[in-house]
Amino acid sequence: MVAGSRHDDDIVQAAWLYHVGRLSRQEVSERLGISRFKVLRMLADAREQGMVRISIEHRTSRTLALADRLTERFGLREVLVAPVPVARDDDDYCRLAVGIMAASYLARVGKGDAPQTIGVGWGRTLSSMADNLVGLTNRDLTFVSLMGSVTHATSTAPAEVCVRLAAQTGGQALLMPAPFVADSEQACQMIMAQRLVREALDAARRADRMIMSVGECRDGAILFDTGVLSGEQIAELKKCGVVGDCCGNFFMPDGTLAETGLNRCTPCIGVEDMRKTDVAITAGGLSKAEATLAILRAGFADRLFVDEHLAGKLLAMG
């Protein structure tokens, strides 16, 4: 996807919210996190380019309708749904599509003169976001990890995603000097008491916005396959009925935090920290449906970026 088409998608979304969603220009501005002046410019561009007639003429009109339904169903500020060709229903393609969409969002909100701190999770959709971020240069950006790191240095690791985003934008990366999971609750408390860990956690909690992905707790999921968790810890999650995680927080299907010791062994931000800022959740592929629904039911998400297959599944399940 080229930068021009991303810009067109942003214009169409603004036009959809204003003309079809019946939002005011101020409400569109708040929903998209951009200035009211930019909204006016986008609406003018939509008219000049012939996108707005009786209806909005654009290939993503179907996905915009799905986004509206998800926004209303789960009380979100913004939902973006990536179109997926009928012939492409594989999870890898969906993660790529959602990552590109998240990159467009980051390019939109990451501009400006004021310093901004963005908390970042980990996973394949966020790695895809970093791969596809273009057109954003801002030395006043700081990307901070929201949880500890994993053993293997892969493109999906928390530290790796933060460093790549900082390098691409000219900003800074602030990493959490801690493991993803400690051996015990006592060990976790000792780790979180360390000065450098405290400073990273404080910065994460003060983030202006956060972007995180949905993790699955099932065989074949990245969390289970990377060796981050021991066999005993995986067995405990299965026994408890945990369906998903988000930045080291493990959730039950109803969106409540699981009664598992692992939720006291992960040096990371907590759900209450997430409620205090603007949180964007990314998820790609039908396999993420149960975990994503649990995260939405937890009630801390403000924005949701998914592919259209997952969007339809969430509406059917929710």
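## Basis of the description

The model is predicted, and local features need pLDDT of at least 70, side-chain atom pairs count only at pLDDT 80 or more, and totals for chains, interfaces and linings use all residues. Residues are numbered from 1 along each chain as its sequence is written, and side-chain values use heavy atoms, with hydrogens and water left out.

Strand β7 (residues 244-246) is joined to β8 in the antiparallel sense over three bridges, and G244 lies opposite F251 of β8.

## The nonpolar cores

A nonpolar core here is a set of buried Ala, Val, Leu, Ile, Met, Phe, Trp, Tyr and Cys residues joined through side-chain atoms within 4.5 Å, and buried means under 20% relative accessible area with a 1.4 Å probe, protein chains only. The largest such core has 68 residues, of which L70, M212, I281, F300, L304 and V306 touch the most other members. Helix α13 (residues 289-298; helices are DSSP runs of H or I, at least four residues) gives the most to this core, with seven residues. A second, separate core of 27 residues includes I118, L126, A130 and A280.

Beyond its neighbours within four places in sequence, V306 has contacts (heavy atoms within 4.5 Å) that include L70, V98, M101 and L314.

## A200 in helix α9

A200 belongs to helix α9 (residues 195-205) and is buried, with a relative accessible area of 2%. Not counting residues up to four places away in sequence, A200 touches V144, L174, L175, M176 and P177; the C-alpha atoms of A200 and L175 are separated by 6.7 Å, although these residues are 25 apart along the chain.

Methods
Two strands pair if DSSP finds at least two bridges between them. Helices (H or I, at least four residues) and strands (E, at least two) are DSSP runs, numbered from the N terminus. Buried means under 20% relative accessible area, exposed over 50%, partly exposed in between (1.4 Å probe, protein chains only).
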